[in-house]
Amino acid sequence: MWDKIRHLPREEWKDDPDKVLPDLVYLLEEVRVDSDVPVVIHVAYEKGGHVQDSSHYAVATEFASGVDFHMVGLSLLDQWLFVERYPFNGIGIYPFWNQPGLHADLRRLGRDHPHLGKRWWRDDRLPPPKPGEPDRRYKPIDRELLRLLLADE
């Protein structure tokens with residue numbers, strides 16, 4: 001697979017690139033080619049540090065199906081709108097990362113959104129949850145996010 005990837009070589013996928021779903025690698029390469037801007041991968045496969053059923057893990061399935069990244073030179077709004085053109089099943093928007101970016105994944109679709117998958121953003125202005133509490137930082141796409149994204153334009 002890696003010999004077919006021109007812009008996002010194996011070394012840029014960190015940790016264990018061979019545990020990343022090949023379709024995810026091909027799709028992000030397509031985003032990179034079509035956007036004609038550098039794509040910086042933060043993490044794809046990882047052993048820990050995410051929610052229990054994270055798409056970054058290769059536990060329940062053979063491969064990790066999610067990637068966190070940002071697109072150099074594009075506002076977060078433009079990154080999100082650009083990536084929506086592609087068949088990612090899950091897209092998360094992270095305006096408060098050191099370098100604001102996206103999570104995109106090829107999760108299995110469920111009953112909640114059988115055609116559109118999941119869309120969310122994380123509001124790191126809110127405190128992290130206490131043990132046993134839900135993480136209220138994760139929110140559906142809403143006006144608050146849109147105001148935040150438009151203010152950065």
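Student: Hi! What should I know before I start?
Tutor: The model is predicted, so local features need pLDDT of at least 70 and side-chain atom pairs count only at pLDDT 80 or more, while totals for chains, interfaces and linings use all residues. Residues are numbered from 1 along each chain as its sequence is written, and side-chain values use heavy atoms, with hydrogens and water left out.

Student: Which residues of α2 are buried?
Tutor: Leu76, Leu77, Gln79, Trp80, Phe82 and Val83 are. Buried means under 20% relative accessible area, exposed over 50%, and partly exposed in between, using a 1.4 Å probe and protein chains only. With 6 of its 8 residues buried, α2 is therefore largely enclosed by the rest of the structure.

Student: What do they pack against?
Tutor: The buried residues of α2 pack against α1, β2, β3, β4 and α3.

Student: Switching topic: how many residues are in the largest nonpolar core?
Tutor: It has 31 residues, and Trp13, Leu28, Phe69 and Phe88 have the most contacts inside it. Such a core is a set of buried Ala, Val, Leu, Ile, Met, Phe, Trp, Tyr and Cys residues joined through side-chain atoms within 4.5 Å.

Student: What does phenylalanine 88 touch?
Tutor: Leaving aside neighbours within four places in sequence, phenylalanine 88 is in contact with Leu24, Leu27, Val31, Val83, Ala104, Asp105, Leu106 and Arg119. Among these, Leu24, Leu27 and Val31 are buried residues of α1.

Student: What covers the buried side of α1?
Tutor: The cover over the buried residues of α1 includes β1, β2, α2 and β4. After α1 comes aspartate 36, with a positive phi near 60°.

Student: Last one: is glycine 92 buried or exposed?
Tutor: Glycine 92 is at 0% relative accessibility, so it counts as buried. This glycine 92 lies in strand β3, and glycine 92 touches Gly101, Leu102, His103 and Trp120, not counting residues up to four places away in sequence.

Note on methods:
Contact = heavy atoms within 4.5 Å. Helix = DSSP H or I, 4+ residues; strand = E, 2+ residues; numbered from the N terminus.
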